[in-house]
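Work through the exercises below with the sequence and the structure at hand. Each task is followed by its solution.

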Amino acid sequence: MKSVELHSIADEVLSVMHQQVWCAVGTVDPHNRPHVRLLHPIWEQVDDVLIGWIATNRHSPKATHLAHSAYASLCYDRDIMRPITLDCQAAWRDDVDSKTRLWEWFKATPAPLGYDPGLIWKAPDHADFGVLRLEPYRIVVGQLGGEWRMWKAGTPYANINSA
């Protein structure tokens, strides 16, 4: 596996994320058993960091899992010959500003990447509306039968509490 800088794969990774939209997300429950579900993150590049955001139910089983272990593994695999996996630290953003920003961003983004969160939740400040922030510490861009590329954060989680 070839070690790469983030800037060399960021555009490719974001393109796949924005086209596939849904990805498999794995977490670990309090009994250390893995669980995978399909979720709909939206991603942005902030300086030299990719940041993922998920609008989700704040009081769901995944919240219990993340309280046990604040890590998630994501897989974008529409092209099974070129899977992209991201291992991330996850953190809830419960402040109204973050929740409102994500709400408006999802609402303003064209489908299929965007959607109206009001179809699921009552308002950005509703207790059930959760905002989950993902910061990758490792990204692998696969190429079955070819060269795999991996980026690893130099200082994992340096930015988890920013943005």
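Helices (H or I, at least four residues) and strands (E, at least two) are DSSP runs, numbered from the N terminus. The model is predicted: local features need pLDDT of at least 70, side-chain atom pairs count only at pLDDT 80 or more, and totals for chains, interfaces and linings use all residues. Residues are numbered from 1 along each chain as its sequence is written, and side-chain values use heavy atoms, with hydrogens and water left out.

**Exercise 1.** Determine which residues of α1 are buried and how they are arranged about its axis.

Solution. Step 1: buried means under 20% relative accessible area, exposed over 50%, and partly exposed in between (1.4 Å probe, protein chains only). Step 2: α1 spans residues 10–20, and its buried residues are A10, V13, L14, M17 and Q20. Step 3: viewed down the axis of α1, these buried residues fall within an arc of 145 degrees, so they line one face of the helix; the arc is that of the directions from the helix axis to the C-beta atoms. Step 4: D11 and Q19 are exposed, on the face of α1 turned away from the buried side.

**Exercise 2.** Which strands are included in what covers the buried residues of α1?

Solution. With contact taken as heavy atoms within 4.5 Å, the cover includes β2 (23–28), β4 (42–46), β5 (49–57), β6 (71–76), β7 (84–92) and β8.
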